[in-house]
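Okay, thanks for coming, everyone.

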Amino acid sequence: METNHDEKICIIGAGPSGLTMGMYLEKAGYKNYTILEKNDHVGGKCNSPEYKGKRYEMGAIMGVPSYYAVKDAMDFCGFTYDGPQLNRNYKRLDGSVYDPFDPKKPYNIPKLPRLMKLKNQMKKLGTLLETKYKGYDVNGHRGVAEGRYEGFDANGTGEWVTGENPNLKDLALPFKEFCELNGVELTQDIWIGPFTAFGYGYFDEIPAAYVLKYLDFQTTMNFVRCNLWTWKDGTQHIWERLNDHLAHSAVLNQTITKVERRDNHVYVTANGETTEYDKVIVTAPLQFMPDYFDASEEEKNLFSKIEYERYDVLACLPKKGQYPPISYYMFDNMAVKRLGHLMVLYCRWKGEEDQVITTYALRKHKDGKEIPYEECKQTVLEDMKICGCEVDKVINEQSWYYFPHVFSEDYKNGWYEKVEAMQGQNNTYYAGEVMGFGDMDETSQYSKELVYRFFK
Ligand SMILES: Cc1cc2nc3c(=O)[nH]c(=O)nc-3n(C[C@H](O)[C@H](O)[C@H](O)COP(=O)(O)OP(=O)(O)OC[C@H]3O[C@@H](n4cnc5c(N)ncnc54)[C@H](O)[C@@H]3O)c2cc1C
């Protein structure tokens, strides 16, 4: 493929995906890029507002040591993670504390056979992922539905790996079915914490590919051991710093009303002004791209299949004396029948009062059930009371457009292969969360891959 480093490239969106796209393009020698952002700030869903001089998290919170693209961004700017250690305990529905995994706790004695079985199934799944599902953990989804893998290896060595493995087709199944097929159904007890509680949906609806590409075995073990990264000034600050280090910082407050692709060029109209580019890379949600692009029937059709989660966050100030000392997980609320309930509360600064405590709830399931926003909010506030953290004031709230994905049928029928086949057509490239996964590293990894594949 012919490459021209002087090409004028428009990147839409200044979240982790768009900003790392700029960084990787720069590293590859492309200096003529412009990042257009609709908001008055960068970072997208890495959103860290301030309260009394400290930043709290409305969006992304943490990383793990295998966040290699986030590390690339930190290395590029010369800083590292420096945030508070995460501490958590588990709460029952009545608000009492327990540890569902500690075999030494007296209340777990009746559950010992199940805990032993879980341990064996964890081992079995670990082995299956290395053997039967070799290649499962490379970034991105292209080829999976056809039994292939292709991408940078998951160990951060920078090695490009490819191979055939027909078993990978199983990854299109909902994770629950995938586990049943492989006789490891109890492992869902471990994966559910960093998956469902983190807003990524329920195991009976989400294809195993998303679950396992995000929560590969190594990453899951890091969550279990609380071997996690946070940032003192919030995850948004990672992207603010990257934005400051780029040759071309993002252009903010841009309302894009039209993108036309003709005469081998791309014409982008933002804030009423039209600019000509050679190429456009979309990192903003692809689902809404047809609203402002001269989208083809294929683009419209494929992007209409994207679904997303309604993941609600409340920034709360509990009443005096009612602050949680650390974060809480409520496993019983991670079931579909408890849709709309508090799954996690995040206490950022251990033991400190007068800090913002954030709460997390999902309120939609594939079967069509959707809890109205206000109802969910009231339920969560009730749950806070049950946990002994009655809320005095909600100072910020957000229902996020979260974790865009496709369901099993579309995954199996080659949604990703069809979108990947369109890459580069009409001088257009597709990136962002849905192409990899909805976390800050996978979406940035995808940017790295896109540059590697098309902008040498
Ligand atoms: C509550 C919550 C908790 C999370 N926790 C974690 C976590 O702990 N760890 C983790 O790794 N990830 C976490 N995430 C996910 C992570 O924040 C996202 O996956 C990541 O930010 C996605 O990056 P992105 O650039 O692909 O998309 P986004 O972050 O969504 O950025 C897209 C950008 O495009 C802009 N945009 C949209 N439309 C247009 C348009 N038409 N024109 C111009 N610009 C446009 C948006 O304003 C935005 O800035 C969390 C997210 C939320 C909401």
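So, to start: is H13 mostly covered or mostly open? Keep in mind that this is a predicted model. The answer is covered, with 12 of the 15 residues of H13 buried.

Now let's zoom out to the domains. The chain is divided into three: domain 1 is 9–81 + 231–306 + 406–454, domain 2 is 113–224, and domain 3 is 308–403. Between the centres of domain 1 and domain 2 there are 25 Å, taken over C-alpha atoms. At their contact, 21 residues of domain 1 meet 25 residues of domain 2. On the domain 1 side, H11 (408–412), H12 (415–422) and H13 (440–454) each supply at least two residues. H13 gives the most there, with 4 residues. By class, that side of domain 1 has 9 nonpolar, 6 polar and 6 charged residues.

Next up, the ligand. Which domains give residues to the shell around it? Domain 1 and domain 3 both do, so the ligand lies between them. There are 35 residues around the ligand, and the ones that come nearest are Gly-13, Gly-15, Ser-17, Gly-44 and Ala-60. The elements giving two or more residues to the shell are H1 (16–27), E13 (307–318), E17 (391–405) and, once again, H13. The class breakdown of the shell is 16 nonpolar, 13 polar and 6 charged.

In soluble globular proteins, nonpolar side chains tend to be buried together. Here the largest nonpolar core has 120 residues, and the members touching the most others are Cys-10, Leu-171, Val-211, Val-280, Val-282 and Ala-431. Helix H6, residues 208–214, provides the largest share, 6 residues. Take Val-282 as an example: leaving aside neighbours within four places in sequence, Val-282 is in contact with Ile-12, Met-289, Tyr-430, Ala-431 and Gly-432.

Let me finish with a few loop residues. Ile-326 is in the loop between E13 and E14 (327–329). How exposed is Ile-326? It counts as partly exposed, because it has 16 C-beta neighbours inside 10 Å. Lys-350 is 24 residues away from Ile-326 in sequence, yet the two are 5.4 Å apart, C-alpha to C-alpha. Beyond its neighbours within four places in sequence, Ile-326 is also in contact with Asn-87, Arg-88, Asn-89 and Cys-347, among others.

Then there are two backbone angles for you to look at. Asn-253, in the loop between H8 and E9 (256–262), has phi near 55°, a positive value in a residue other than glycine. Asn-253 is exposed, with 12 other C-beta atoms within 10 Å. Asp-263 sits in the loop between E9 and E10 (265–270), and has a positive phi of about 50° although it is not a glycine. Asp-263 has 8 C-beta neighbours inside 10 Å, so it counts as exposed.

That's my tour; over to you for questions.

Note on methods. Residues are numbered from 1 along each chain as its sequence is written. This is a predicted model: local features need pLDDT of at least 70, side-chain atom pairs count only at pLDDT 80 or more; totals for chains, interfaces and linings use all residues. Domain bounds come from an automatic or database domain assignment. Two residues are in contact if their C-beta atoms, placed from the backbone, lie within 7 Å. Ala, Val, Leu, Ile, Met, Phe, Trp, Tyr, Cys and Pro count as nonpolar, Asp, Glu, Lys and Arg as charged, and the others, Gly among them, as polar. A nonpolar core is a set of buried Ala, Val, Leu, Ile, Met, Phe, Trp, Tyr and Cys residues joined through C-beta atoms within 7 Å. A residue is buried if 20 or more other C-beta atoms lie within 10 Å of its own, exposed if 12 or fewer, and partly exposed in between; C-beta atoms are placed from the backbone. A residue is near a molecule or strand if its C-beta atom, placed from the backbone, lies within 6 Å of it.
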